[in-house]
Structures are given as structure tokens and as C-alpha cells.
Amino acid sequence: AALSYIQRNAERPLHSLGGPCAPSQRCFVVSCTAVWYEAPYLREWVVYHLLQGIDHFYFMNLHTPLNAAAGGQTAATALALEPFLRHLQATMWNHSNILNPVPALGDQISALSTCVSRVRSVAEWILIHDADEFFYPSISLPHLLRTSQYSAHPIPWMMYGGSGHQTTPPTLVITAYTHRAPNLTYAATNRPDNPFQRMNGKCVVRSHCIHFIPHPHRPDLVEGCQWAPVNLSTGAYHLKHYNTKSRQEWNWKRRSNWFTGFQSPDKRWNSVVRDFDEEYDRAQRQFTGAVDDDMRVLAPLVTQHLRSLPPPTHNLWTYQPKPPYLKPQ
């Protein structure tokens with residue numbers, strides 16, 4: 001059912017998928033996402049989730065005037081998103097951090113809280129996830145939500161590493177990475193038995209049920225709203241979390257990313273390789289034509305629509321505009 005839904009969407013022109021949201025014409029499900037140094041992958045991520053049935057994407061760009069590179073990443077993000085901004089499939093807001101040269105966890109929480117407060121009146125459901133997390137459709141997302149008796153659905157992670165790549169391969173993210181941790185994982189609290197020793201997983205929530213966001217993984221719900229149980233069984237819907245994509249990309253992002261900055265680069269990189277690269281995701285081989293006829297169809301559909309977009313006018317990895325920097329509305 002999920003694949004049939006995606007295939008029907010793939011038959012439509014890309015610009016006809018999704019659209020603007022308004023109080024008088026609410027969207028069914030939208031995405032709230034905080035971004036920082038994600039530009040090279042954003043087009044694939046948006047196309048992938050448009051095919052999944054996301055109606056609109058709200059991007060909170062974690063801009064900081066204290067970082068000389070921040071203007072470049074802001075402009076590159078806007079360039080990557082330009083076709084979707086033009087067709088009213090996406091909205092981008094700058095969320096400035098004036099105290100630190102790089103965003104911290106509190107800035108992500110603040111950005112997501114702002115996003116939710118701005119869009120709750122124009123959307124029925126809000127999917128809170130990051131630009132390195134791809135929803136795996138064991139069931140189509142709209143069907144899951146339209147038939148749901150719950151107010152919120154936790155979505156577990158499948159954690160991926162660099163799959164042995166030292167340089168970032170010139171292919172789709174969803175086809176390039178096959179090595180991962182062995183099982184789905186979801187933890188809303190930082191418990192000792194948490195396999196990654198930190199909170200993980202994301203969620204999709206009815207907009208009127210979000211009370212506040214204490215962290216990016218699981219908001220607090222208003223009284224009377226109920227969480228669905230977590231499903232960690234093989235084949236359950238989940239987010240494929242491409243935590244890092246290559247040693248090259250790791251070095252590029254660690255210049256400005258709080259997640260990679262807590263440990264020395266080699267120590268942190270080696271821990272990620274150890275945690276996520278020892279297991280091979282057999283299902284992911286479907287994208288090379290080895291396993292699973294249904295999912296083998298998905299990658300060409302994403303590629304087909306990516307090729308319909310005009311190419312970015314600059315290299316999204318290296319774009320450094322001259323002041324004044326591009327400031328999306």
C-alpha cells in the first residue's frame with residue numbers, strides 16, 4: 001500500500017505535490033526541521049518526503065552571526081530549497097543564535113518550538129525530524145495518520161554510519177549507505193539501558209496536542225492526548241538516520257556541529273564506525289537491485305524528480321557568497 005501511494009505521487013509533476021498551508025485550508029501533515037550544514041542533501045530529502053505525502057516543509061535555519069561561515073551555509077540552504085520555496089512547498093525561516101558561534105541543543109529546541117507555534121494553526125499533524133532522517137514507509141504516512149486512534153506516534157531510528165566511505169559518494173543518500181546498528185531503537189529519556197546512551201527516535205504529533213518541546217525527540221503532550229505504543233519489530237515504519245555519511249563529510253560538518261564537537265574528531269569518528277558499520281542492512285541492498293522488489297522502485301522515482309529540477313547555481317558544498325548574505329523571507 002505504501003509503495004502504491006508513492007508510485008501514484010511519482011506520476012504527478014513534482015511541483016504539484018504538496019503546497020501552501022493556511023488556517024482556512026489546513027494541511028494534513030507537515031514537517032518541522034532545524035537545519036545547519038545540510039544543503040547538499042536537502043533536495044533529495046524533500047523530494048523523498050514529498051513522495052511520502054508531506055504537504056509542506058518548514059525549515060528553521062540555525063543561523064548565527066558570530067560564525068563567518070554561517071552566511072555561506074544559509075545561502076547554500078536557500079539555493080538548495082529554491083525550487084520548493086518558489087512553488088510554495090516549503091518555507092524557510094532564519095532562527096538566529098546571538099550567543100554562540102555554533103548552534104547548541106538549546107538552539108535546536110528553541111527553533112523547533114518556534115516552528116510548532118507558527119504552524120499548529122495551519123496543519124493537523126506535525127512530523128518533527130531532521131534532514132538526515134528518512135521515513136521508511138512500511139505504511140504510507142497519510143494512511144497511518146488518517147486511521148490513527150492516537151494523538152502522537154513515536155518513530156524509532158535505524159542508525160547508519162559511513163558504510164566504509166572515506167569520501168562522500170555522488171549518489172543518493174538512500175542508495176549509498178548499507179551499514180547500520182542491528183536493531184531499531186527508541187528512547188525518550190537518557191537511561192542507562194539506552195543502547196546509544198542518549199535520547200533517540202522522533203515523532204509525528206497532532207498539532208493541537210503539543211504542549212511544549214523539552215527536547216527534539218519527544219514533545220510533552222497536553223492532557224488527554226495519548227501516545228501510540230512504540231513498534232520496534234522488524235519491518236515497522238521508522239526513520240533511517242544517516243548519522244554520518246563519510247569521513248570527508250564528517251570533517252566538513254564538525255567545523256560547526258555541536259554533535260561531533262564533544263570528542264576529538266578521530267575518537268568520535270572511530271566510535272561511530274564501530275557502532276554503526278559492523279552490521280549490514282540487508283534491506284538496503286534493495287537499492288542495488290539485490291533484494292526487495294517493492295523498495296527497489298523507490299530510488300529511481302526520487303532520481304526522476306531530482307532530474308526535473310534546475311541545478312543549483314553554485315556548489316552547495318563550498319558556496320561562500322559575498323555580503324550581504326541571502327536572507328530568505
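Predicted model: local features only at pLDDT ≥ 70, side-chain atom pairs only at ≥ 80, totals over all residues.

Reply: The account below treats the sheet, then the helices, the cores and selected loop residues.

Residues are numbered from 1 along each chain as its sequence is written, and side-chain values rest on heavy atoms, with hydrogens and water left out.

The protein chain contains 11 helices and 13 strands; these are DSSP runs numbered from the N terminus, helices being H or I of at least four residues and strands E of at least two. Six of the strands form an open sheet with mixed pairing, in the order β3-β2-β1-β4-β9-β6. Two strands are taken to pair if DSSP finds at least two bridges between them. From one strand to the next the twist averages 20°. Axes are lines fitted to C-alpha atoms, for helices over the stretch in contact, and angles between N-to-C directions run from 0 to 180 degrees.

Helix α2 (residues 39-52) lies across β1 (27-35) and β2 (56-61), running at about 150° to β2. The axis of α2 also comes within 9 Å of that of helix α11 (residues 298-307), crossing it at roughly 115°. On the α2 side, the contact is made by Arg43, Glu44, Val47, Tyr48, Leu51 and Gln52, and on the α11 side by Leu298, Leu301, Val302, His305 and Leu306; contact means heavy atoms within 4.5 Å. By class, this contact of α2 with α11 has seven nonpolar, two polar and two charged residues. In that count Ala, Val, Leu, Ile, Met, Phe, Trp, Tyr, Cys and Pro are nonpolar, Asp, Glu, Lys and Arg are charged, and the others, Gly among them, are polar.

Of the 329 residues of the protein chain, 57% count as buried. Buried means under 20% relative accessible area, exposed means over 50%, and partly exposed lies in between (1.4 Å probe, protein chains only). The largest nonpolar core has 58 residues, and those with the most contacts inside it are Phe59 and Phe84. Such a core is a set of buried Ala, Val, Leu, Ile, Met, Phe, Trp, Tyr and Cys residues joined through side-chain atoms within 4.5 Å. Helix α2 gives the largest share of this core, nine residues. Beyond residues up to four places away in sequence, Phe84 touches Leu14, Arg43, Val46, Val47, Leu50, Gln89, Ala90 and Leu309. Apart from this core lies another, of 31 residues, including Cys27, Tyr58, Val116 and Cys225.

Tyr37 is found in the loop between β1 and α2; its phi is near 60°, a positive value in a residue other than glycine, and at 6% relative accessibility Tyr37 counts as buried. Glu38 lies in the loop between β1 and α2 and is buried at 9% relative accessibility. With neighbours within four places in sequence left aside, Glu38 is in contact with Ala131 and Lys253.

Asp130 belongs to the loop between β4 and β5 (133-136) and is buried, with a relative accessible area of 16%. Although 96 residues separate Asp130 from Ala34 in sequence, their C-alpha atoms are 6.6 Å apart. Residues up to four places away not being counted, Asp130 touches Thr33, Ala34, Trp45, Gln108 and Lys202.

Leu88, in the loop between α3 (70-86) and β3, has a positive phi of about 60° although it is not a glycine. At 46% relative accessibility, Leu88 counts as partly exposed.
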